[in-house]
Amino acid sequence: MCGIVGYVGPRPPLQVLIDGLHRLEYRGYDSAGVALVDGSRLSVVKRAGRIADLEEAVAAAEPPEGRVGVGHTRWATHGAPTTLNAHPHTDCTGTVAVVHNGIVENWAELKSELIRRGHRFISDTDTEVIAHLVEEGSDLSLVEAVAEAMKAAEGALALAVVRTDQPGLIVGARRGSPLVVGLGESETFLASDIPAFLSHTRRVVVIEDDRVIEIRDGGVRIFDLDGVEQPLVEKVIEWDLAAAERGGYPTFMLKEIHEQPQAIADTLRGRTADGGVIALRELELPEQILRMVDKVFVVACGTSYHAAMMAKYAIERWTRLPTEIDIASEFRYRDPVLDGRSLVIGISQSGETIDTLAAVRYAKAQRSTVIGVSNVVDSALARESDAVLYTRAGPEIGVAATKTFTTQLVAMQLLGLYLAQVRGTMDPGTIGLLVAELQALPDKVGKVLQTEPQMEDMARRFAQVRDFFFLGRSGDFPVAMEGALKLKEIAYVRAEGYAAGEMKHGPIALVEPGVVVVGVATDSHVRQKTLSNMEEMKARGGTIVMVVEEGTEDEVSGLADEVVVIPQSPDLLCTVTAVVPLQLLAYHIATQRGLDVDKPRNLAKTVTVE
Ligand code: G6P
């Protein structure tokens, strides 16, 4: 996720762009840049770091103003967050500048082909191929050249492009990533999101997929990729700026819960190939090493540890490799038995959690192979690991992890299937079926989000309940743990996540009328066992909430006080869908209790102390 802005009009564009970038900083903040066109001159200034760093660089460079400019704030998905990799990117001639939000899936093929044709690349980004593709169309109008580039590039793209031979013009394009136009008096704005220009105009045109647009100071024209002009639908925004930054949601956490279908699609993008093969090209670890591994350890903290729990089941089931999981702060002090044939996977959203880093360093000292799974490109975890797999959730502002958790689950499922593929422990047909099911997850999560009114209503009734249990077995166990953690973190309610079969060994003594017991029963091979355990909770007077898959709701009609139905998915993949109603439940209980869900007390998003 990145933020792009563009401006054509009578004001000095630089300040409009910088203000817009500040408003989009929630979309990414690891590097930033601007390109300004003044007559036939193109000036590009960019910097690693925050937008404040870019402002300093711009002040030092004193670029000419002109009437046209584009800007970018980056959340790296491809290439470290360095000044060289910051956008805008330019072509060989220095006459084209491009800012991009999204992922060019076929960048590697395009780059080799462009190099073969004599283009010179200077960054590690996927975006730079777009600048060179547009350069290839130098004899076309800019809008035609960008349309051709869109046809060649696969994946998600929101673009803003300038070219010195058309100095009064920005060309935008969109497929998959958001893009909106703001219509002012003799000035026009372009951005990833409305807050970037809401202080200037409330008149907005939302751009659809596979459209290329011409932006001038007099307005906008929209074309499809074949150059056929499209109608322009204008609407007026009623929100205030603060609400607009949260996409109209009351909190960042709720916005991030609703971003999960997109975040999961981004995490899957380009990582599966035709015929149901997993293609983790960026892992850059010789397959020979993965074939040699005889034991796996997965270490993490907090919510990431719950992704590790799911990973254990997935790796053991799909690869038959013995897999241990550890809370990172426990790992290195228990003297685990590691050697050169051990694979250690560290999962950390931030990639900066000190306990996870210490665990990974310990593993490296034992000569084990380390894979980092992180949401932040070039984080400490990414740099210190032998190989890295990025979740591509975009920045998460709410302290409680939501979209970063579901993307961790998906990343670990990809990694588990990849190990099975490389080691030949699953037949390609079964991997293909699971790949197709992974691809279906964004839509299914979208469907689960429709349970929100039900979860909100439940939250109203449970807002004053003091004790919750969340129970599950197998893949449903980490979901139960995460459901309980969400409720503790943001609603300050005592909630225990427990293995459903273990309740009878003690905690069942706490179950009595007034206690809510949430059972997650989606994993088909243990569902009946979980239902029996839930009967035991009901017999002690607990209020029973069941999360089950479509087609199994009849099995719980006599048991449950509340039934939440989610779409069917294969075992373990349904962790991704099953956790969503529990996020919503915690969220709405917290808001019923009047709490600040984005900044819960006593917590920090990133914990860099032991
Ligand atoms: C903090 C956050 C949690 C997070 C944990 C691990 O406690 O509040 O939401 O799960 O750190 O963070 P990491 O960045 O390593 O995934």
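**Group meeting: a walk through one predicted chain**

Okay, let's start at aspartate 335, which sits in the loop between α11 (328-331) and β20 (342-348). Those labels follow DSSP runs numbered from the N terminus: helices are H or I runs of at least four residues, and strands are E runs of at least two.

A quick word on what we're looking at. This is a predicted model, so local features need pLDDT of at least 70 and side-chain atom pairs count only at pLDDT 80 or more, while totals for chains, interfaces and linings use all residues. Residues are numbered from 1 along each chain as its sequence is written, and side-chain values use heavy atoms, with hydrogens and water left out.

Now the whole chain. Count along and you get 19 helices and 27 strands. The radius of gyration is 25 Å, close to the 25 Å that the globule rule gives for 610 residues, so the chain is as compact as a globular protein of that length. That radius is taken over C-alpha atoms, and the rule is 2.2 Å times the number of residues to the power 0.38. The C-alpha trace spans about 80 × 55 × 45 Å along its principal axes. And how much of the chain is buried? Buried residues make up 61% of the 610.

Serine 474 is another non-glycine with a positive phi, about 50°. You'll find serine 474 in the loop between β23 (467-472) and α17 (476-491). Is serine 474 buried or exposed? Buried, because its relative accessibility is 12%.

Glycine 472 belongs to strand β23 and is buried, with a relative accessible area of 0%. Follow the chain for 75 residues from glycine 472 and you reach valine 547, yet the two C-alpha atoms are separated by 9.9 Å.

One more backbone feature: histidine 87 and proline 88 are joined by a cis peptide bond, with omega about 0°. Proline 88 is in the loop between β4 (68-74) and β5 (89-90).

Next up, charges. Side chains of opposite charge can pair when their charged atoms come close. A salt bridge here means a side-chain nitrogen of Lys or Arg within 4 Å of a carboxyl oxygen of Asp or Glu. How many salt bridges does a search of the whole structure find? The search finds 38.

Take arginine 174 and aspartate 209, whose side chains meet in a salt bridge at 2.8 Å, N to O. They link distant parts of the chain, 35 residues apart: arginine 174 is in strand β8 (residues 170-175), and aspartate 209 is in the loop between β11 (203-206) and β12 (211-216). Arginine 174 is buried at 15% relative accessibility, whereas aspartate 209 is partly exposed at 37%.

Then there's arginine 216 with glutamate 214, where the closest N and O atoms are 3.6 Å apart in the salt bridge. Arginine 216 is partly exposed at 36%, and glutamate 214 is buried at 11%.

Arginine 461 is in helix α16 (residues 452-462) and glutamate 562 in strand β27 (residues 562-566), so the pair ties together parts 101 residues apart in sequence. Arginine 461 is partly exposed at 46%, and glutamate 562 is buried at 13%. Salt bridges with shared partners join Glu456, Asp457, Arg460, Arg461 and Glu562 into one network.

Last stop, the surface. Asp19, Asp53, Glu55 and Glu56 form a negative surface patch. Patch residues have over 30% relative accessible area and no salt bridge, with like charges joined within 9 Å and nonpolar side chains (Val, Leu, Ile, Met, Phe, Trp, Tyr) within 5 Å. Which element gives the largest share of the negative patch? Helix α2 (residues 51-61) does, with three residues. Aspartate 19 is in helix α1 (residues 13-23), and counts as partly exposed because its relative accessibility is 37%.

That's the tour, thanks!

Terms used. Accessible areas come from the Shrake-Rupley method with a 1.4 Å probe; for residues, only the protein chains shown count as cover. Lys and Arg count as positive and Asp and Glu as negative; His and the chain ends are not counted. The place of a charge is taken as NZ of Lys, CZ of Arg, CG of Asp or CD of Glu. Buried means under 20% relative accessible area, exposed over 50%, partly exposed in between (1.4 Å probe, protein chains only).
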